[in-house]
Amino acid sequence: MTSSSSPSRKALSKIACNRLQKELAEWQLSPPAGFKHKVSDNLQRWVIEVTGAAGTLYAGETYQLQVDFPEHYPMEAPQVIFLNPAPMHPHIYSNGHICLDILYDSWSPAMTVSSVCISILSMLSSSPAKWTMTAMSGTAATGGRRRRPDGGSMTTRCN
């Protein structure tokens, strides 16, 4: 682990380290379209550049994802957040946290960093409108319900 790691984070288990080395090698041979891994010597924290897919609201826009791997990855999901500035999207909070079930309750050890990235890009690509902080500001006051741009609401389980 490098000095840029969080001091409170535990070192990766041998299984996690082996798995991440394998995923990184596969990524270098065949990265998912629209993503670039920023090279670092820290296996426990990846920074990934994502470019919005052509023909979507985010086309040509570039964002950065930070992926922090827990000690027992892949049995535990990585923490994935957008670094500032995060895209304006109904499932992305202003602090960069992503409300996507595969990062929480629906995580499976069969998933990889590549599959998570593809899911995030799919989530971005399927958005019919960019949301502003004004559109999202009612979330806490409405018990986890967000206002959609069309005036409707949706329930979210992410905190």
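**Sheet, helices and aromatic pairs in a predicted model**

Buried here means under 20% relative accessible area, exposed means over 50%, and partly exposed lies in between (1.4 Å probe, protein chains only). Helices (H or I, at least four residues) and strands (E, at least two) are DSSP runs, numbered from the N terminus. The model is predicted: local features need pLDDT of at least 70, side-chain atom pairs count only at pLDDT 80 or more, and totals for chains, interfaces and linings use all residues. Residues are numbered from 1 along each chain as its sequence is written, and side-chain values use heavy atoms, with hydrogens and water left out.

E1 belongs to an open, antiparallel sheet of four strands, ordered E1-E2-E3-E4. Strands E1 (35-38) and E4 (79-82) stand at the edges; each has a single partner strand, so one side of each lacks a neighbour in the sheet. From one strand to the next, the twist averages 25°. Pairing requires at least two bridges found by DSSP between two strands. E1 and E2 are joined by a hairpin through six residues and pair over four antiparallel bridges. His37 has Ile48 in E2 as its bridge partner. E3 (residues 62-68) and E4 also pair in the antiparallel sense, over four bridges. There, Gln66 stands opposite Ile81 of E4.

Helix H1 (residues 14-29) packs on the sheet and touches E1 and E2 (45-51), its direction making about 30° with that of E2. Contact means heavy atoms within 4.5 Å. Helix H2 (residues 113-125) lies across E1, E2, E3 and E4 and runs at about 35° to E2. Axes are lines fitted to C-alpha atoms, for helices over the stretch in contact; angles run from 0 to 180 degrees between N-to-C directions.

Six aromatic pairs are present. One of them, Trp27 with Trp46, is edge-to-face, at 6.2 Å centre to centre and 85° between the planes. This pair links distant parts of the chain: Trp27 is in H1 and Trp46 in E2, 19 residues apart. Trp27 is buried at 4% relative accessibility, and Trp46 is buried at 1%. Tyr58 and Tyr63 also pair edge-to-face, at 6.5 Å and 70°. Rings of Phe, Tyr and Trp (its six-membered ring) pair if their centres lie within 6.5 Å; planes under 30 degrees apart are stacked, over 60 edge-to-face, and the rest tilted. Trp27, Trp46, Phe69, Tyr73 and Trp107 form one aromatic cluster.
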